[in-house]
Amino acid sequence: MERIIDLDQANAAISERAVRWLAAGLEVGQTTWRDGAAPWPQRLETDRTLVRDPDSVGVLISGPADTVLSVVLFRGGWADVDYFYGLDEAGPMPAFDIGSAAAFGEQLDQWVARVFGNLGQDAVADRP
């Protein structure tokens, strides 16, 4: 897989935003890493030091009314982004052509706002 994004920098973008998410009442799971050099099936690790050749970094964010956003960024410049509002409202969001960790941070802000709305409000905003 081509290395377009530095996943350690992308993790820093997640960490920078996690403080704000936590302050807004969201729950932020541990960052997960997948090692591209590990034998299949590759395990997800929460300890970055156990991952020699990271090919993805992910985070799970939970909010009011059992709302969940799952983001897994791959070093090739795309992400698997899924949201869940309940049995009838769930699905993927487009996430491709991400060219840098900074661009990922901007996308992350948009995905969080789309799923959780204005973080200053208690209610879940308009849904995707």
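Mentor: Bear in mind that this is a predicted model. The part to look at is helix H2, which covers residues 101–116. H2 has 16 residues and reaches 22 Å from its first C-alpha to its last, close to the 22 Å expected at 1.5 Å a residue.

Next come its sides. Buried in H2 are Ala-101, Phe-104, Gly-105, Leu-108, Trp-111, Val-112, Val-115 and Phe-116. Viewed along the axis of H2, these buried residues fall within an arc of 125°, so they line one face of the helix.

What do the buried residues of H2 pack against? Their partners are helix H1 (7–23) and the strands S4, S5 (68–74), S6 (78–86) and S7 (89–93). Of these, strand S4 runs over residues 54–62. The loop between strand S3 (44–45) and S4 holds Asp-53, and Asp-53 is buried, because its relative accessible area is 17%, where buried means under 20%.

On H2 again, the face turned away from the buried side carries the exposed residues Ala-102 and Glu-106.

That leaves the end of the helix. Gly-117 follows H2, and its phi is positive, near 70°.

Notes: Residues numbered from 1 in each chain as written. Predicted model: local features only at pLDDT ≥ 70, side-chain atom pairs only at ≥ 80, totals over all residues. Heavy atoms only, no water. Helix = DSSP H or I, 4+ residues; strand = E, 2+ residues; numbered from the N terminus. Buried < 20%, exposed > 50% of the residue type's maximum accessible area, 1.4 Å probe, protein only. Expected span 1.5 Å × (residues − 1). Arc of directions from axis to C-beta. Contact = heavy atoms within 4.5 Å.
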